[in-house]
Amino acid sequence: MIERKLKTLIVLYLWAALIEDTVIFVLAWLTPGLWFQLFHNSVPAGLEVALLQRSAGQWAAFACAQAITLWRWKKDPAWLAVAAGVRFSDIFTDVSYIVAVPSLTTLGWILLVPPPFLNLVGVVIFLRGYRQATSG
């Protein structure tokens, strides 16, 4: 049985992550020029748009997995482990992006630095929930 406080944290985190991943998917896929303007104060060149849209596909997959987790986790706690895996993988994409980009705007720094830490928090929350749901 999962503690009430942890259940609340799981639901709040899943909703926040679902909204975030959906928004960044839409921004990256539909308006890549705006993405580059907001985060880098530049315009995309060459394959940058295609690579950004590839990332957008990953964010869409994250949003889908989190939506399914919101729907199924109480009856099938294995979805909490799936959500933990999604958040865990995003830690590395977030850090890789920050390290690889040649420049970030102030807004870029503000919006892109916290997610790796928040993703780690999500991993811990989801795995604790999974452990509590599946123990005795």
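Below is a short chat about this predicted model.

Q: What does the C-alpha trace span along its principal axes?
A: About 55 × 20 × 20 Å.

Q: And how much of the protein counts as buried?
A: Of its 136 residues, 37% count as buried.

Q: Which elements give two or more residues to its lining?
A: Those are α1 (4–30), α2 (32–40), α3 (48–72), α4 (78–100), α5 (106–112) and α6 (114–134). The largest share comes from α3, with seven residues.

Q: How many residues line the largest pocket, and which lie nearest its centre?
A: There are 36 lining residues, and W35, W59, D94, Y97 and L112 lie nearest the centre.

Q: Let's switch to the nonpolar core. How many residues are in the largest one, and which have the most contacts inside it?
A: The largest nonpolar core has 16 residues. Those with the most contacts inside it are A28, W35, F39, L52, W59, L104 and L112. As background, nonpolar side chains tend to be buried together in soluble globular proteins.

Q: Which helices supply at least two residues of this core?
A: Helices α1, α2, α3 and α4 each do. The largest share of the core, five residues, comes from α3.

Q: Now the aromatics. How many aromatic pairs does the structure hold?
A: Six aromatic pairs. One of them is F25 with W29, a stacked pair at 6.4 Å centre to centre with 15° between the planes.

Q: Where do F25 and W29 lie?
A: Both are in helix α1, four residues apart, which is about one turn of the helix.

Q: What about F88 and F92, how are their rings arranged?
A: F88 and F92 form an edge-to-face pair, 5.2 Å centre to centre and 75° between the planes. Both sit in helix α4, four residues apart, about one turn of the helix. F88 counts as partly exposed because its relative accessibility is 45%, and F92 is partly exposed at 48%.

Q: Which residues form an aromatic cluster?
A: W35, F39, W59 and Y97 form one aromatic cluster. Within that group, W35, F39 and W59 are also among the residues with the most contacts inside the largest nonpolar core. W35, W59 and Y97 turn up again among the residues nearest the centre of the largest pocket.

Q: Which ring does the charged end of R72 sit over?
A: The charged end of R72 sits over the ring of W71, 5.5 Å from its centre.

Q: Changing topic: which loop is N41 in?
A: N41 lies in the loop between α2 and α3. Its phi is near 50°, a positive value in a residue other than glycine.

Q: Is N41 buried or exposed?
A: N41 counts as exposed, because its relative accessibility is 56% and exposed means over 50%.

Q: And L70, buried or exposed?
A: L70, in helix α3, counts as buried because its relative accessibility is 18% and the buried class means under 20%.

Q: How far apart are L70 and A83?
A: They are 13 residues apart in sequence and 9.5 Å apart in space, C-alpha to C-alpha.

Q: Last one: how far apart are V11 and L52?
A: V11 and L52 are 41 residues apart in sequence and 29 Å apart in space, C-alpha to C-alpha. V11 lies in helix α1 and counts as partly exposed, at 27% relative accessibility. L52 is one of the residues with the most contacts inside the largest nonpolar core.

Terms used
Residues are numbered from 1 along each chain as its sequence is written. This is a predicted model: local features need pLDDT of at least 70, side-chain atom pairs count only at pLDDT 80 or more; totals for chains, interfaces and linings use all residues. Side-chain values use heavy atoms; hydrogens and water are left out. On a 1 Å grid over the protein atoms alone, a cavity is a set of points where a 1.4 Å probe fits but cannot get out, and a pocket is an open set with protein on both sides within 12 Å along at least five of seven lines; lining residues have an atom within 4 Å of a point. Rings of Phe, Tyr and Trp (its six-membered ring) pair if their centres lie within 6.5 Å; planes under 30 degrees apart count as stacked, over 60 as edge-to-face and the rest as tilted. Buried means under 20% relative accessible area, exposed over 50%, partly exposed in between (1.4 Å probe, protein chains only). A charge sits over a ring if NZ of Lys or CZ of Arg is within 6 Å of the ring centre and within 35 degrees of the ring normal. A nonpolar core is a set of buried Ala, Val, Leu, Ile, Met, Phe, Trp, Tyr and Cys residues joined through side-chain atoms within 4.5 Å.
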